[in-house]
Amino acid sequence: MVSPHCHFDVLVLGGGPAGMVSAITASQNGLRVGLIDEQSEAGGQIWRAPWASSPQGYESPEARDGNKMRDRLALSSVTCLFGRRIWSVTDRYRVDLLGADGVETFQAPHLIVALGAHERVIPFPGWTLPGVMGLAAATIMLKAHGLAPPKDWVLAGVGPLLAAVAAGYARKGHPPKAIIDLSGPSDWFAALPSLASRPGLFKQGVGWVLSIVSSRIPIYFRHAIRRAEGQDRISACLIGPVDADGKSIDGPEVGIACDAMMVGNGLVPGGEVPRLLGADQVYRHELGGWIPECDPFGRTSLEHLYAIGDGAGIRGGAVACIAGKLAGLAAAHDAGRIDAGAFAHQSAQALAEHRKLSAFSDAMAHMIRLRPAQVASIEADAVICRCEDVTRQDLVAAARAGARDVNQLKHFTRCGMGPCQGRMCGDVAAEILAQEHRLDRQAVGYWTARPPLRPISLQSMLGRVDYADIPIPKPAPL
Amino acid sequence: MSTMHDLIVIGGGINGATTALFAARGGMDVAVIDRGPLCREASGVNAGTLTMQMTRVALIPYALRAHHMWATAREWLGHDVGVVVCDGLSLAFTEQEAELLAFRAGKRREAGAPITLITGQQALQIEPGLSDKALLAGHCRVDGYANAYLTGLAFRTALLDAGVTLTENNPATDILQTSSGFEVVTKQGPLRAKRVVIAGGVWIEEMMGWLGIDLPIKTLVNQLAVTERIPTAMRTVVGIANGLLSLKQYPHGTVVIGGGWQGSGSREGGTCSLLPERLVGNIRLACHAVPALKDARLARAWTGFEAETRDALPAVGPVPGIHNAYVIGSIHSGYTSGPYLAKLLADQILGREPDLPLFPIDRLLKPEPLAQG
Ligand SMILES: Cc1cc2nc3c(=O)[nH]c(=O)nc-3n(C[C@H](O)[C@H](O)[C@H](O)COP(=O)(O)OP(=O)(O)OC[C@H]3O[C@@H](n4cnc5c(N)ncnc54)[C@H](O)[C@@H]3O)c2cc1C
């Protein structure tokens, strides 16, 4: 086995806003930084760079911010390790990657984890049909590939991403056939004052609304998808009304013919790496779910492990930048590169900004929070875990057979045992278990994180070896 | 005052749970205490291989009987743990390994395991998924595997049906000896019984300490990996001569890759982590044996704690010097043989003569230090 590359003081996992800013800040303060991302360029979800070969560029304030930060990164002394998939993170702090040249290993005394969030899926019968895709995936299509959706597509879900995707495609001449919004106008109005605290974003929001209104897209407020239908792929969906908590209620159902659906119900923090390393976790409903316990600088319960960005609680891109700055400074301080005075001085402004932004980020997080009543409305035969074909009724049966925590649920049903390791189903399955036992989410626990962080092919791990080179351990006793 | 049980079993892994089940079926009032849910440590995370070709020679007679128990689990356990009985192949790729295999297979055969030696070509006929690089193979008809993660569900139902008092998520912290038996101190309060069985897996050392007995137990940290579902690549259990590989494909399509490559961690903190280079080593070996695995993706890898005594033979029997206290654990390939040894222990506790001898721990206890002068 090749020995790990050890020439970094800090490794930053994830090249979104949080990761980029922390990497730049740490390197400006004297640390040797390696920034690792699966993509070929930095930017993460929100600042995702367009693919060189994509048919049309995507103009937006985010794209411009992303380009600016990519320029700053290019001028910094951060070493960018892109196009590498992180599959294992172990003690103090060893990171195993899979790149174009196979398996590589890096090790550094400080680790900043900024791996973002996953999409929350609230299942309905038919959600696994081809043609149904996530809202975050839709934004990738839009930002990176400039791809057009099929003609008759519907957009469903909750939160600002709904408006952003609708407006983005409407401007490109591909408006959705209908928008199905779990929230009602009153929820949006309630968020207005905090939205107004960020004039730039407020303007952007108004722009979205104008695009949507001018393209005359029908909007179904306080509605959700009841089911998707189709033979080999989606051909129609049925929608129905919900109450303020997201619970399905009686009322007219509407059938809409469509050949694609983009649906998203908020985000779940992607906290696998801190969990894998054994950092203390806490459940914070309003921040999207289980997150590592952190101080304001992103310091976790493990020495020299920092968690920032949406992976440490859903707070959005602006907060992620500040969190990146704070963690970069903290790493520099904790590594002895800046003294306590300089640390306090440099972080004071960022801490203040962080506080100022929190009204906005809280309001956004509130809009995309999990609605327990919506989960309670999921039908018995809906598939929850698509990797292993586990339905709601299978989960309920396991709960009644005595499964009380999510990992026991996994053993009883295989839910979460597939290649996504519960990233898709985990939040909802845990909620179903908690509701079945009338326990809070803290009590049913979180899914044990396991390597690989993403599925990787065995072939790619092999390298070129002879049988004789495999370091087979000593035989077991006879 | 809490009820006086006939028997308390501390630790609800395969060993504790089976002992409790047979003691209860034999008429005793039994309680099981586990720190977590049933069978979520070694007994829920192991590779589920039910093979003779990795079993220690001294355990072969037990493992053969235990294999039969697993194959008929529905009858005595009442629940399916996904047991598949199939052929097993232990491969040798080099001259040295062939020599080791011939020696080891011979010893196991003498102990009763129906292992025959066949050529690599013959092995290919039995398992077309194999690489053509094997020189020699041990072939055993008594082999197979279970779905270890279903063990907890199965035993939970069976124990409750047998009237056992189950307290899960309830760590024991001490055992007090009283005039009428034992009081087990637990998080949820004391439980009392006339008899006690210590079945805490790698934690039996600590538990024996509560009784003032020093039984050193080494902790192994075994790594395992599983692929995502793939088309049928193999139908047998495949290992290698020195025991450091176990491979089988489950009916739902995943392939579990194990063999006892060691991770790192300690039982005290309960934390363990995988050593990535060992995982890579294990996977190289797996793909060498069954080349089609190269096309699979790794879905998950994990570790679990396995107990080992000084002589790597089981600790099963009465606790010396303490009337009505028993211990069971540290059984090599213990998922395979555990149920049978636990049944034997239950027989002894019920006052019946066990069909085969137990493995009393007197041999493992440190001699009293000699008095000075
Ligand atoms: C990764 C791995 C792979 C393996 N593969 C195989 C295989 O393929 N085939 C095979 O035959 N064997 C295999 N084994 C071995 C086999 O799993 C074990 O021998 C067997 O499961 C041990 O059972 P046990 O009941 O003694 O221990 P465990 O299953 O560990 O049970 C001990 C129980 O004690 C409980 N406990 C601990 N402390 C306390 C406390 N203070 N209070 C209350 N309860 C407590 C624990 O929670 C646990 O449930 C493997 C082992 C591992 C780790």
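This is a predicted model: local features need pLDDT of at least 70, side-chain atom pairs count only at pLDDT 80 or more; totals for chains, interfaces and linings use all residues.
**Exercise 1. Find out what confidence scores the predictor gives the complex and chain B.**

Let's start with the whole thing. The complex gets an ipTM of 0.92 and a pTM of 0.94 from the predictor. Next, zoom in on chain B: its average pLDDT is 95, and 98% of its residues score at least 70.

**Exercise 2. Decide whether A:Leu305 is buried or exposed, and list what it touches.**

Step one is to locate the residue: A:Leu305 sits in strand E20 of chain A, which covers residues 305-307.

Step two is the accessibility. The cut-off for buried is under 20% relative accessible area. A:Leu305 has 1% relative accessibility, so it counts as buried.

Step three is to look at the surroundings. Leaving out residues up to four places away in sequence, A:Leu305 touches A:Tyr93, A:Leu111, A:Val113, A:Pro274, A:Leu277, A:Ala279, A:Gly298, A:Arg299 and A:Thr300. Take A:Ala279 from that list: it is 26 residues away from A:Leu305 along the chain, with 8.5 Å between the two C-alpha atoms.

**Exercise 3. Check the length of helix H9 of chain A, then describe its start, its bend and its cover.**

First, the length. H9(A) runs over residues 340-367, which makes 28 residues. At 1.5 Å a residue it should span 40 Å, and the end C-alpha atoms are 38 Å apart, so the two values agree.

Now the start. A:Asp339 caps the N-terminal end of H9(A), with a side-chain oxygen 3.2 Å from the backbone nitrogen of A:Gly341.

Then follow the helix along: at A:Ser358 it bends by about 40°.

Last, the cover. Buried residues of H9(A) include A:Phe343, A:Leu357, A:Phe360 and A:Met364. Among the elements covering the buried residues are helices H4, H5, H6 and H8 of chain A.

**Exercise 4. Do the same length check for helix H13 of chain A, and work out how many of its residues are buried.**

H13(A) has 12 residues, 426-437.

A:Val428, A:Ile432 and A:Leu433 are among them. The buried residues pack against several elements of chain A, including strand E17, helix H11 and helix H14.

Step past the end of the helix and you meet A:Arg438, whose phi is positive, near 50°.

**Exercise 5. Describe the interface between chain A and chain B, then place B:Thr186 in chain B.**

Begin with the contacts: 42 residues of chain A are in contact with 53 residues of chain B. Together the chains bury about 4400 Å², and 64% of that is on carbon and sulfur atoms. On the chain A side, A:Leu458, A:Tyr467 and A:Leu478 lose the most area to chain B, together 19% of what that side buries.

Now for B:Thr186. You'll find it in strand E8 of chain B, residues 181-186. Its relative accessibility is 6%, so B:Thr186 counts as buried. The side chain of B:Thr186 makes a polar contact with the side chain of B:Asn170 at 3.1 Å, and also reaches the backbone nitrogen of B:Gln188 at 3.2 Å. Residues that B:Thr186 touches include B:Ile33, B:Pro171 and B:Leu191.

Notes: Residues are numbered from 1 along each chain as its sequence is written. Chains are lettered from A and ligands numbered from 1 in the order in which they are written. Side-chain values use heavy atoms; hydrogens and water are left out. pLDDT is the predictor's confidence in each residue, from 0 to 100. Helices (H or I, at least four residues) and strands (E, at least two) are DSSP runs, numbered from the N terminus. Buried means under 20% relative accessible area, exposed over 50%, partly exposed in between (1.4 Å probe, protein chains only). Contact means heavy atoms within 4.5 Å. The expected span of a helix is 1.5 Å times one less than its number of residues. The bend at a residue is the angle between axes fitted to the seven residues ending there and the seven starting there. A polar contact is a pair of N or O atoms within 3.5 Å; within protein, one must be able to donate a hydrogen and the other to accept it, and residues adjacent in sequence count only if both atoms are side-chain atoms. Buried area is the accessible area (1.4 Å probe) that two parts lose on being put together, summed over both.
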